[in-house]
Amino acid sequence: MRELVQYIHRSGDLESTFFGISNSVDGIRAHQKIQNSRPDLYESEVYVSHTIQANNYELQINGRIDGVFNFQDHVIIEEIKSTTRNINDFEEKKSNLHWGQAKCYSYIYAVQNSLENVETQLTYYHLETGEIREFKESYTLNDLESFFNELVTEYLEWADLVVIWQMERDISVKKLLFPYASYRKGQREMAVDVYLAVKNKTQLIVQAPTGIGKTMAAVFPSVKALAEGATNKIFYLTARTTGRNAAEKAFEELNKTGLKIKTITLTAKKKICFNHEVTCNGDECEYAKGYYDRIGHTLKDTFSTDIFSREIIEKMSRKYRVCPFELSLDLSIWADCIICDYNYAFDPKVYLRRFFEETGDYTFLVDEAHNLVDRSREMFSAKLYKQVFLDQRRLLKKELPEIFKCMGKINTWFLKALKRIETTGAPVSEKDEPVTLYPHLRKFVKAAERWLSLNIKTPFREELLELYFEVTGFLKISEQYDSGYATCFEKKDNDLEVKLFCIDPSEHLEKALKRSSSTVFFSATMTPTHYFKKIFGCTESSYELILPSPFPKENLCLVVSDRISTLYKEREKTKSQVTNVISSLVTSGKGNYLIFFPSYKYMMMIFELFSKTCPDIEAIIQSPEMTENDRQVFIEQFTTDNTRTLAGFAVMGGIFGEGIDLVGDRLTGAVIVGVGLPGISLERDLIRDHFTDNYKSGFEYAYLYPGINRVLQATGRVIRTEKDRGIVVLIDERYSTLKYKSLMPEEWNQMFVRNKNELETALKKFRQDK
């Protein structure tokens, strides 16, 4: 009911008017307070449903009436609204939205109960003062019927467009053929399993190496299942721009072969906003002013396009002068597939509530799913810093004494925590949550909400608002603190960080996955799959598919130099040996090479020695401060027409360790130094201890499995097509142990070399065999 009335009657500006989280809770309590105060003849939360037969479909309208007074001689339908606005405003200017909803409920109730007259009451409750005002209107059934029919007729014009479109979509899908002449090796098998997972509403984990065509093997069968009614909407979830681009390209290919489908790519608000310097309201931003007056025409015009790309959204937003971010959210309701970041589905702070407040018949396609392990830990963790409270407090001392006092209490708590950990000289953790901090944070939230809801413009308002959201986010995470969490304290210069660290995200991901009816996780590196199934919180009915590389084994020369230790304590001693192996590869033939390391510090150590050892080789190095433009410049140097050999030094697990596509002679070979283990840290050790205590697999879950997936990702940069030939050299004595051999892909023909001569012989033979 709310959606129907909003579609017709919402009007005016977008507003950034503050409405706090606690106000939402208070609003529920206000409803309950009023309902509980009513007499016995009052019935609360009355469910109603009404069906209208249109040309090709039925329109079902559902909702819950807040309350019904069943007097002996008449009936009153009550709609309750909580507000922070002056209630007199609603008397001077009636809300079409509020009255529209109340009248529609009155009509349906009158029809279902054969009433000729109905009294309708809007009850407003002021959240701050507790004031209650009631406004009543009496209507005949004919009055209500005319209003309701006019509303529905206007909505049906839009619904007709949507339904006709869905019929056209389903016809196009039934005719749709696979967009390429043939399936690649393993691609058809993956497509069949994805289709069955969606049809049977289950979970599937797929490890499919580069070259199989994972994106199309996930998208094509999901679209087929969509048209058959097995799912209502597809969410293509990705962690990187490269994944987003691959999904968009797949749908473009399908559209070329006749598919009609609506797809949208959601772009973060800060990236798509036209007007960064102002707040999002009609007084300051032209794209917010009158947004709801123009959004109806904007949606109808944009709906004629199949692909709601960022470019299309920006174009239509400028044409109709509407906010591009809000337009993308409004369009997403009508899209068949939404391409977006993981956080829109999983993050408890920002997931799309318009879809996921209740379980939906949705399909999640989780691209490069190995990234979800660390990303989920980030999403289910929260942190606060001492200094930000201190900085804000200085600005508020005179203007906002109540908030100033609350911040003082928080700062005192931080000071006591700082004294406790200063003697350790290192980050520390506690199993217990910081319960003594929570009351101070809640008092701050309450005080901040009271002031922020006044919407007074001041120089410090935006900073205070940002801090408010950080604190509410921290408190939200605290609500799910369990045995899979730890509280971490770390001194950073003169600041102190307190973090609610999610050690084990499996239970939280399990709950998040219930927002979908089917989920497919896919990546080139999901080794071992039982590790990912556990971390993802998969159901017992979930299953896995492991596919071999589709490329000829002889195209990859994989050499293992297993007589060199890269352990931290041995690095100074073995740095010359590591450098010699690298120089043997890059001087064995002109080309472009990537050299991967487990850390920046280790990379810099070898880079300096290599630069002296091989001055004729052009060497470039990744830096932690790289901008997006810097990264692009780095990649663009890997060209097929380089006159000199190029050696690019990079870090495993970083921006160049996965997601880049250097086809053919753009990349000749790679060296993987070490086994990719994440650096030793407090958080990694917490993961180790937790999984040792609970599953006897602590080292594996904290270090081994994340490390080997980094190695596999880096190795996967070399062979990108069936025509590529390349060399990979793994350097570490641990590669010859059974533990590591068992994690290597079956198709790898590993060649173990003991010294420089054996390495150079192996490289020479591979190049000659070409």
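Both faces of strand S11 are covered: Tyr362, Phe364 and Val366 on one side are buried, as are Thr363, Leu365 and Asp367 on the other. Buried here means under 20% relative accessible area, exposed means over 50%, and partly exposed lies in between (1.4 Å probe, protein chains only). S11 covers residues 362-367, and since 6 of its 6 residues are buried, the strand is largely enclosed by the rest of the structure. Strands (E, at least two residues) and helices (H or I, at least four residues) are DSSP runs, numbered from the N terminus.

The model is predicted: local features need pLDDT of at least 70, side-chain atom pairs count only at pLDDT 80 or more, and totals for chains, interfaces and linings use all residues. Residues are numbered from 1 along each chain as its sequence is written, and side-chain values use heavy atoms, with hydrogens and water left out.

**The sheet around S11**

- S11 belongs to an open sheet of 8 strands with parallel pairing, in the order S9-S8-S10-S7-S11-S16-S6-S17.
- The edge strands are S9 (307-308) and S17 (543-546), each of which pairs on one side only.
- Two strands pair if DSSP finds at least two bridges between them.
- Strand S7 (residues 233-238) runs parallel to S11 and is joined to it by 5 bridges; Leu237 has Val366 in S11 as its bridge partner.
- Strand S16 (residues 518-523) is also parallel to S11, with 5 bridges, and Thr519 in S16 stands opposite Phe364.
- Strand S8 (residues 263-265) pairs with S9 in the parallel sense over 2 bridges, and Thr263 stands opposite Ile307 in S9.

- Strands S4 (residues 117-126) and S5 (residues 132-140) run antiparallel and are joined by 9 bridges.
- Tyr125 stands opposite Ile132 in S5.
- This hairpin has 5 residues between its strands, and Gly130 takes a positive phi near 80° there.

**The chain as a whole**

- The protein chain has 28 helices and 24 strands.
- Its C-alpha trace spans about 100 × 70 × 50 Å along the principal axes.
- The radius of gyration is 30 Å, which agrees with the value near 27 Å that a compact globule of 770 residues would have. It is taken over C-alpha atoms, and the globule rule is 2.2 Å times the number of residues to the power 0.38.
- Buried residues make up 55% of the 770 residues.
- Of the contacts with a separation of 6 or more, 78% are between residues 24 or more positions apart; a contact means heavy atoms within 4.5 Å.
- The chain exposes about 35900 Å², of which carbon and sulfur atoms supply 48%. Accessible areas come from the Shrake-Rupley method with a 1.4 Å probe; for residues, only the protein chains shown count as cover.
- The mean positions of the 102 positive and 108 negative charges are 6 Å apart. Lys and Arg count as positive and Asp and Glu as negative, while His and the chain ends are not counted. Each charge is placed at NZ of Lys, CZ of Arg, CG of Asp or CD of Glu.

- Ser317 lies in helix H11 (residues 310-320) and counts as buried, at 0% relative accessibility.
- Not counting residues up to four places away in sequence, Ser317 touches Phe274, Tyr287, Val322, Cys323, Pro324 and Leu327.
- Leu730 is in strand S23 (residues 726-731) and is buried, with a relative accessible area of 0%.
- Leaving aside neighbours within four places in sequence, the contacts of Leu730 include Leu558, Ile672, Val711, Tyr735 and Trp748.
- Leu730 and Gly674 are 56 residues apart in sequence, with 7.4 Å between their C-alpha atoms.

**Loop residues**

- Gly653, in the loop between S21 (646-651) and S22 (669-673), is partly exposed at 37% relative accessible area.
- Beyond residues up to four places away in sequence, Gly653 touches Arg240 and Arg710.
- Arg321 lies in the loop between H11 and helix H12 (324-332); its phi is near 55°, a positive value in a residue other than glycine.
- Arg321 is partly exposed, with a relative accessible area of 40%.
- Asp493 also has a positive phi near 55° and lies in the loop between S14 (485-492) and S15 (495-502).
- Asp493 is exposed, with a relative accessible area of 72%.
- The peptide bond from Thr527 to Pro528 is cis, with omega near -15°, and Pro528 lies in the loop between S16 and helix H21 (529-536).
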